[in-house]
Amino acid sequence: MAFRFFTTLLLLNISTCFSQVQDSVLSKKDKIKNTVIVPDLQNKDSIFDGASQNIKAIGVETDSLSVKKLKDMELAAKYDEKWHQELYSNALFDTIYKSVTELNFEPVEYQELPTDTLKKRLKELDAKTPFNVAYNPSLESVIKSYLKNRRKLLQKLMTLSAFYFPMFESELDKHNIPLEIKYLAIVESALKPRAKSRVGATGLWQFMFSTGKMYGLDVSSYVDERSDPIMSTEAAAKYLAKLYEIFGDWDLALAAYNSGPGNVTKAIRRSGGYQNYWNIRHNLPRETAGYLPAFLANMYIFEYAEEHGFVKSKPEFAYFETDTVKVKQMITLDQVSEVTGTPIEELQFLNPSYKLDIIPFIKEENYVLRLPVNVIGEFVNNEDKIYAFAKEEFDKREKPLPQFFKANDRIRYTVRSGDYLGKISRRYGVRVSDIKRWNGLRNNNLRIGQRLTIYPRKPYIASSKSTQKTTKTKPISGDAITYTVKNGDSLWSISQKFPGVSVQNIKDWNGISGTKLKPGMRLKISKG
């Protein structure tokens, strides 16, 4: 189905976060869904400067946007790069998974939270939620362990939650599911839409293949709807509603969500008929035994974040709206980025269900592209030109479209300036931990020129020796002019300024093999 909705996307500028952290402490009475801070939009035009340049170049009026030629700050750009790396890193998920499976419930010394204070707060939570949040020493151990040893992780999760929680709450409310279930996604995936467990559970809500299919989540070579935030949340709400209908208890419903209803019923039998989670916990699988305590601990910490010194970072830009358009032809996120000027990281963040960053076109399916609202109108108005550009790019590829690599297919990758493990892992569809294991790396440090062994999980076409050499320039027949590349230009936008000139023409005439341009670069263009 096609979805049209407006939601918020948190874009962090970490340099501003650090300087303004004192001003962003949450009010005690605030709900998390109300903590997104509306930005000062006086300078909003510069956010989409690149998109406006490209859109204007293909004949779209941009009078409504005040286009400014601004240079990005190098330091801020580096911070943004680190944030993008954080968004796509699986480190948070790995850490959460380990914490749940290795809980030992040993007493933890944490003087900042006296037991009496904890008992009082848990009683308050118990009164306003449908979960059994009664005090017990095991839960106290988990809460204090998290507060003492996992503060940095929790702060990152609170920052990510400003984007995801309003979305979760909207879907949960539609299905009459307690809004506190949003904290379950932290335990399941650390709010990573592409998180994948060791047994294959995938997405924010960690659906196995068969369960996802039961609740309408399609999985194919190109698309994994378990990674779609809205579709997977809707499926999770339906599944949890069914489990609650079966067990009549939210604690048991959560245990069944994690381990399966069969394991819960077996634990009830082995415990002599008890139906309280804490009484059957010792008969549940090890991971599930730590599952509910981890959920309740995260609920407590998020609800009492201010009291424990956590802050909501105040980003330079708090949010912007998004909308969807149904694709009419196969197109890649790289191509969309090229014609709209939207950074590829933003497109990947908005469209996490497309495993190869390719949106397929299938008549029976309604695959959509999610874009910032200020870009989507211009995209729709210029669909024919954009799809023609995409077709031209596909026609130049090897046929058929890039093949899938098997696990035993290996490549050797040479580290280049600007590379980091997260970036390389996304390019080849593997995990950072895989690259480290394959190459015996003990940390994330790389050096330029270092050679890495990689077993790609996504399409990759290795360059032949001939294509690795500098592309030969093809002569221009007839008169030519010289075009000087301006800030915001792309091969696509330049080609649209000259009738009959394609992106490939510009590449051939100037010996260009990639798509990167630098302001000031001089290009030869045929007069036609």
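Me: Is K423 buried, partly exposed or exposed, and why?

Reply: Buried means under 20% relative accessible area, exposed means over 50%, and partly exposed lies in between (1.4 Å probe, protein chains only). K423 has 37% relative accessibility and therefore counts as partly exposed. This is a predicted model, in which local features need pLDDT of at least 70, side-chain atom pairs count only at pLDDT 80 or more, and totals for chains, interfaces and linings use all residues. Residues are numbered from 1 along each chain as its sequence is written, and side-chain values use heavy atoms, with hydrogens and water left out.

Me: In which helix does K423 lie?

Reply: Helices are DSSP runs of H or I with at least four residues, strands are runs of E with at least two, and both are numbered from the N terminus. K423 lies in helix α20, residues 421-428. The protein has 24 helices and eight strands.

Me: Where does K328 lie, and why does K328 count as exposed?

Reply: K328 lies in the loop between β1 (322-326) and β2 (331-332). K328 counts as exposed because its relative accessible area is 53%.

Me: Which residues does K328 touch, not counting residues up to four places away in sequence?

Reply: A contact means heavy atoms within 4.5 Å. With that exclusion of residues up to four places away in sequence, K328 touches F361, E383 and Y387. The C-alpha atoms of K328 and Y387 are separated by 8.1 Å, and the two residues are 59 apart along the chain.

Me: What share of the 528 residues is buried?

Reply: Buried residues make up 51% of the 528 residues in the protein.
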